[in-house]
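Hello,

I am handing over the structure I promised you. Please open it first and keep it beside this email while you read.

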Amino acid sequence: MSKIYLSLFAAIIVAFCMASGCNHDAPKQESDARHGFDAATMEFKPDTLPEGVAPAYVDFRDQNTYISDGFFCIVSIVDNKSIDWVRIWARVAVQDSMGNTLAVNGDSSFVLRSFSDAVPPAGATSLFCAIPLKQISGAPAGCTLQGAGVLLQSPGPILIAPQAGGVRMQRPSAEDSTKIEELAYNMLTSVENPLPDSAFHPRLELLLYGNDKKLYFAQVLNPEDKPSGIYMEREGPLSGGEKREIRYPVLYQFLPQPLKDNLIGRIEVQAYEARMD
């Protein structure tokens, strides 16, 4: 299995591609611990809320839940409503179709960290997790999300990705030549650093929406991993005032089933600088 797959979807996609006989020996990526999935045990393990957290003033939008290949998946964008730079943790409670709370690993709720290391005031990040159904005490149908806490962060570069588009890779279906099969969505975006300070470790959060306009998947792309298939105008730190074009192929083979069924309607991109602490 080429490094491109795990660098985009990290450890959780190991679960989605098991039936395809994928190789699970790829190196652990930086974002593996950001969604609570342990590829070694194939279990969901919630994050731990650190000591010294402050109240979280956050909102959640484009929240979505669904079941795919034996996993209950949760995805959302998280907006920072405070005047501080923060690292955000959410508290998640899984519910059945009647609104009753279900236990995950025996607990009525769990903590999950959002992706960005430092979200500026009025900024946004995202979160995603996939929980094996066997770890949930009933039939999940939804969830509630609340701010669990934040850690204050020092200000830093504010990265933006103002535009994201793509080109669809299609071919006639092998089963029916009158139908078109979509194999991949070649994403094209740019990341900009409008302020003077350099961003030494730029990261991209990819937000995948279906043609039904629902958000289904969010994950971090780390350009420093140099995943196969990625194109960047330049490597290294993103200098103040610099704009850099990035292209990256998103392969349907390793996406959750709803995106295979609905196909990708659009990809949005959020950018941030990783903090090496």
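Below I go through what was found, from the whole chain down to single residues.

A word on the source: this is a predicted model, in which local features need pLDDT of at least 70 and side-chain atom pairs count only at pLDDT 80 or more, while totals for chains, interfaces and linings use all residues. Residues are numbered from 1 along each chain as its sequence is written, and side-chain values use heavy atoms, with hydrogens and water left out.

**The whole protein**

The protein has three helices and 16 strands; these are DSSP runs numbered from the N terminus, H or I of at least four residues for helices and E of at least two for strands. Of its 277 residues, 51% are buried (buried means under 20% relative accessible area, exposed over 50%, and partly exposed in between, with a 1.4 Å probe and protein chains only). The accessible surface comes to about 12,500 Å², and 49% of this belongs to carbon and sulfur atoms. Accessible areas come from the Shrake-Rupley method with a 1.4 Å probe, and for residues only the protein chains shown count as cover. If you take the contacts between residues at least 6 apart in sequence, 71% of them join residues at least 24 apart (contact means heavy atoms within 4.5 Å).

**Strands that pair**

Strands of a sheet pair through backbone hydrogen bonds, either parallel or antiparallel. Here, two strands pair if DSSP finds at least two bridges between them.

Look for the open sheet of three strands in the order β13-β12-β16, where the pairing is antiparallel. Its edge strands are β13 (215–221) and β16 (264–273), each of which pairs on one side only. On average, neighbouring strands of this sheet are turned by 20° against each other, direction ignored; the axes behind such angles are lines fitted to C-alpha atoms, for helices over the stretch in contact, and angles run from 0 to 180 degrees between N-to-C directions. β12 (residues 202–210) and β16 share nine bridges in the antiparallel sense, and Pro 202 has Glu 273 in β16 as its bridge partner.

Another antiparallel pair is β3 (residues 58–68) with β4 (residues 71–80), again over nine bridges. Ser 68 has Phe 71 in β4 as its bridge partner. The hairpin of β3 and β4 has two residues between the strands, and Asp 69 takes a positive phi near 50° there.

**Salt bridges**

How many salt bridges does a search of the whole structure find? The search finds 11, where a salt bridge is a side-chain nitrogen of Lys or Arg within 4 Å of a carboxyl oxygen of Asp or Glu.

One of them joins Arg 113 and Asp 117, whose closest N and O atoms are 2.6 Å apart. Arg 113 is buried, at 11% relative accessible area, and Asp 117 is buried too, at 2%.

Arg 171 and Glu 181 also meet in a salt bridge, at 3.2 Å from N to O. Arg 171 lies in strand β10 and Glu 181 in strand β11 (residues 180–192), so this pair ties together parts that are 10 residues apart in sequence. Arg 171 is partly exposed at 40% relative accessibility, and Glu 181 is partly exposed at 28%.

Next come Arg 203 and Glu 224, with 2.6 Å from N to O. This pair links distant parts of the chain: Arg 203 is in strand β12 and Glu 224 in the loop between β13 and β14, 21 residues apart. Is Arg 203 buried or exposed? At 2% relative accessibility, Arg 203 counts as buried, whereas Glu 224 is partly exposed at 40%.

Finally, Arg 234, Glu 242 and Arg 244 are linked in a network of salt bridges.

Pro 237 lies in the loop between β14 (231–232) and β15 (243–251) and is partly exposed at 32% relative accessibility. Pro 237 and His 201 are 36 residues apart in sequence, yet 6.3 Å apart in space, C-alpha to C-alpha.

**A nonpolar patch**

On the surface, Ile 158, Ile 160 and Leu 195 form a nonpolar patch with about 210 Å² of accessible area together. Patches are made of residues with over 30% relative accessible area and no salt bridge; like charges are joined within 9 Å, and nonpolar side chains (Val, Leu, Ile, Met, Phe, Trp, Tyr) within 5 Å. Ile 160 lies in the loop between β9 (142–152) and β10 (164–172) and is partly exposed, with a relative accessible area of 35%.
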